[in-house]
Amino acid sequence: TLDRSSAASDVYKRQTHAYAYDVAEDATCYVGSVGIARAFAGDTKLEVRATVARGGLLVFAPEPLTGAVSANLMQDARFSLATGASALVIDAVTEGRPATGEKWRFSRLRTKLSVVVDETLVLEEAVDLCPGARDVAGHFGDYGAFAFAIALGPRARHLREAWLGAKPLGTGDVLRVASPFGEDGATIRLAAKDAHTLAAQMPFLLGNLDETLGDDPRTRRSW
C-alpha cells in the first residue's frame with residue numbers, strides 16, 4: 001500500500017518521494033493508496049519506478065493526485081515490463097476540493113507515465129495543468145476528475161476485452177473511450193464530473209480483483 005496522503009504537508013518546502021517496485025517472475029503485486037494524494041503549497045515530486053518480470057502482474061491503482069492552493073506537484077512514473085509480463089496502471093488527477101474553494105487553485109500539476117517493454121519505450125502519456133497560465137476550468141467545464149489507464153499483457157487480457165467491449169460514453173457525468181494498444185493491450189481515457197463520480201468507475205477500470213489477484217484489497221479500505 002502506497003501512502004501518498006501526506007505527500008507535501010510542510011508548507012513551501014521542496015520534497016521528493018520515491019517509490020520502487022520489483023515484481024518477480026510469475027508473482028502478483030497490487031499497489032493502492034490510503035487516500036487522495038493532496039499536495040500542499042510548495043514543490044513536490046513523486047517518482048515511481050516499477051519492473052515486472054515474465055509472467056508477473058502489477059496492478060498499480062492509487063487514488064488520484066490533486067493540489068491545494070499554490071501547490072506545484074509533479075509525478076514521474078515509469079513501468080518496465082519483460083516480454084510476457086502484465087500490468088494494469090491507472091493514472092488519475094482531480095480539480096482539488098471544490099467544497100473548500102480549492103477548485104483548480106493549485107499552481108501546477110504534471111504527470112508523466114511511461115511504459116517500457118524489453119527496454120523499448122512503447123507508451124508515454126503526459127498531463128500538464130497550469131491554471132494560472134491558461135483557463136483550465138473553462139476548458140474542462142463541468143468535469144473535474146480525469147483518468148488514463150492501460151492494461152497490457154496476458155494476465156490483463158480479460159480487462160482488455162472488457163474495456164474494448166464496453167460502449168463508449170460521450171455524454172453525461174462520465175465520458176469514456178477505450179482503444180486497443182498493440183496486440184495484447186488497451187488504453188482508456190475517462191473524464192468524470194467529480195472525484196466521487198470517478199471513484200464509482202473504479203470497478204469498471206479494475207474489473208474483478210478477486211479473479212485477477214485472488215483477493216480484493218479495496219474491500220478492506222477504511223476511507
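Ala, Val, Leu, Ile, Met, Phe, Trp, Tyr, Cys and Pro count here as nonpolar, Asp, Glu, Lys and Arg as charged, and the others, Gly among them, as polar. The model is a predicted one, in which local features need pLDDT of at least 70 and side-chain atom pairs count only at pLDDT 80 or more, while totals for chains, interfaces and linings use all residues. Residues are numbered from 1 along each chain as its sequence is written, and side-chain values use heavy atoms, with hydrogens and water left out.

Grid points are joined across faces, edges and corners, and a volume is the space filled by probe spheres set on the points.

The largest pocket holds about 270 Å³. Of its 15 lining residues, Val93, Glu125, Val127, Phe146 and Ala147 lie nearest the centre. This lining comprises 10 nonpolar, one polar and four charged residues.

Three cavities of 30 Å³ or more were counted. The largest cavity, with a volume of about 40 Å³, has a lining of six nonpolar, two polar and two charged residues, among them Phe60, Gln75, Asp91 and Lys112. The second largest cavity also has about 40 Å³ of space. Its lining is made up of Phe79, Leu81, Ala87, Val89, Val115, Ile150 and Leu152, with seven nonpolar, no polar and no charged residues.

Note on methods:
On a 1 Å grid over the protein atoms alone, a cavity is a set of points where a 1.4 Å probe fits but cannot get out, and a pocket is an open set with protein on both sides within 12 Å along at least five of seven lines; lining residues have an atom within 4 Å of a point.
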